[in-house]
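Please keep the sequence and the structure in view while reading.

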Amino acid sequence: MSLKRKAADIAAAEAKKPKVNSSITSFFGPPETVSSSSTSSATPAKGSAESATPAPAVKFDKEKWVASLSDEQKALLKLEIATLHESWLAVLKDEITTKSFLDLKKFLKSEAEAGKKIFPPSEDVYSWSRHTPLNTVKAVILGQDPYHNHNQAHGLCFSVRPPTPAPPSLQNMYKALKKEYPAFEPPPNKGGLLTPWADRGVLLLNTCLTVRAHEANSHAGKGWEKFTQKVIDLVCQKRTNGVVFLAWGSPAQKRCAGINASKHHVLKSVHPSPLSAHKGFFDCGHFTKANEWLKERYGDEGVIDWNLNVDPKDAGV
């Protein structure tokens with residue numbers, strides 16, 4: 001298959017986006033040899049009951065659950081009810097009704113009432129859940145804080161919508177990808193849109209899901225950390241055939257400290273930031289290693305297509 005498929009071919013192959021329940025074929029097959037660091041004694045047989053084909057979503061009566069909420073809960077959780085994908089809402093419903101999460105929502109409400117500009121836009125806070133339903137997750141990339149300038153954050157870590165150019169850390173990710181896969185192509189026009197990855201089963205999750213405009217880490221310590229750790233824990237619990245975690249930098253690695261290494265695969269490296277990427281990120285080989293491990297677990301259908309040369313109209317924008 002040609003790496004330089006036309007946008008029309010891409011649209012046809014990924015019709016009815018974001019239908020992520022389809023089998024995924026990679027542009028970039030993994031190397032013929034598999035490194036020892038990517039092997040696991042728990043590898044299932046090919047054709048086993050749980051393969052790359054996503055498991056059915058959890059049965060969940062959303063209307064019944066919403067009816068059980070108090071008026072205050074309904075008001076505070078309006079965004080979650082409206083925009084959190086049901087595959088995630090079904091397993092996070094108890095978490096978002098805890099006092100700590102409701103306190104977080106009260107804090108965010110007070111920020112809005114005080115006229116504070118919050119990023120990403122409210123409708124994008126949970127876009128990661130809609131692009132990557134729980135039953136489709138194959139890999140997780142962990143970020144920290146959303147971008148805090150205009151026209152940047154849209155709910156997927158490291159990703160920016162066009163026409164915003166790719167930020168420095170993402171540019172370094174492209175360099176690493178080009179080194180591993182010479183045929184890799186970034187988004188058009190120096191862009192940074194990563195929705196194609198999310199639609200292919202890569203959960204792009206920040207530790208904090210909101211930030212005050214132009215104030216980095218301004219919403220840290222308010223409750224998002226507990227919520228997103230629950231998301232990570234649920235991925236580990238529900239994706240029983242194994243998921244790859246790409247943990248770049250010590251904060252991301254701490255988030256992965258409790259992951260069962262016999263079931264999942266955690267790849268660790270320095271952060272792709274210009275401040276640290278030169279200390280080993282460019283040579284970590286994580287994109288290749290992730291595909292090696294996924295191929296062992298799921299066969300060819302499990303391999304992730306890292307290519308990003310997709311017309312924004314065909315990438316859910």
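Q: Why is Asp-145 called buried?
A: Buried means under 20% relative accessible area, exposed means over 50%, and partly exposed lies in between (1.4 Å probe, protein chains only). Asp-145 has a relative accessibility of 18%, and therefore counts as buried. The model is a predicted one, in which local features need pLDDT of at least 70 and side-chain atom pairs count only at pLDDT 80 or more, while totals for chains, interfaces and linings use all residues. Residues are numbered from 1 along each chain as its sequence is written, and side-chain values use heavy atoms, with hydrogens and water left out.

Q: What makes Asp-145 a position with an annotation?
A: UniProt, in an unreviewed entry, places the feature "active site" at Asp-145. UniProt positions are given in the numbering used here, feature names are shortened, and annotations may be inferred rather than shown by experiment.

Q: Where is Asp-145 found, and with which residues is Asp-145 in contact?
A: Asp-145 is found in the loop between β2 and α8. Helices (H or I, at least four residues) and strands (E, at least two) are DSSP runs, numbered from the N terminus. Contact means heavy atoms within 4.5 Å. Leaving aside neighbours within four places in sequence, Asp-145 is in contact with Asn-206, Cys-208, Thr-210, Val-211, Ala-216, Asn-217 and Ser-218. The side chain of Asp-145 reaches the backbone nitrogen of Asn-217 at 2.5 Å.

Q: Why does His-154 count as buried?
A: The relative accessibility of His-154 is 3%, and so His-154 counts as buried. His-154 has its place in the loop between β2 (139–143) and α8 (168–180). Residues up to four places away in sequence not being counted, His-154 touches Pro-120, Asp-124, Ser-127, Ser-159, Val-160, Arg-161, Leu-193 and Thr-195.

Q: What makes the pair His-154 and Ser-159 a polar contact?
A: A polar contact is a pair of N or O atoms within 3.5 Å; within protein, one must be able to donate a hydrogen and the other to accept it, and residues adjacent in sequence count only if both atoms are side-chain atoms. The side chains of His-154 and Ser-159 make such a contact at 2.7 Å.

Q: How do you know that the length of helix α12 agrees with what it should span?
A: The expected span of a helix is 1.5 Å times one less than its number of residues. For the 13 residues of α12 (residues 286–298) this should be 18 Å, and the end C-alpha atoms are 18 Å apart, which agrees. Just after α12, Gly-299 takes a positive phi of about 80°.

Q: Why is α12 described as largely enclosed?
A: Eleven of the 13 residues of α12 are buried, so the helix is largely enclosed by the rest of the structure. Among them are Phe-287, Trp-293 and Leu-294. The buried residues of α12 pack against α8, α9 (195–199), β5 and β6.

Q: How do you know that helix α6 has the span it should?
A: The 15 residues of α6 (residues 99–113) should span 21 Å, and the end C-alpha atoms are 21 Å apart, which agrees. The buried residues of α6 include Phe-101, Leu-104 and Leu-108. The elements that cover the buried residues of α6 include α3 (71–76), α4 (78–83) and α10 (224–238).

Q: What makes β5 and β6 a pair of strands?
A: Two strands pair if DSSP finds at least two bridges between them. Strand β5 (residues 244–248) and β6 pair over five bridges, in the parallel sense. The chain crosses from β5 through helix α11 (residues 250–255) to β6, and this β-α-β crossover is right-handed. A crossover is right-handed if, with the strands pointing away from the viewer, the path from the first strand over the helix to the second runs clockwise.

Q: What makes both faces of β5 covered?
A: Val-244, Leu-246 and Trp-248 on one side and Phe-245 and Ala-247 on the other are all buried. In β6 (residues 265–269), His-265, Leu-267 and Ser-269 form a covered face, and Val-266 and Lys-268 an uncovered one.
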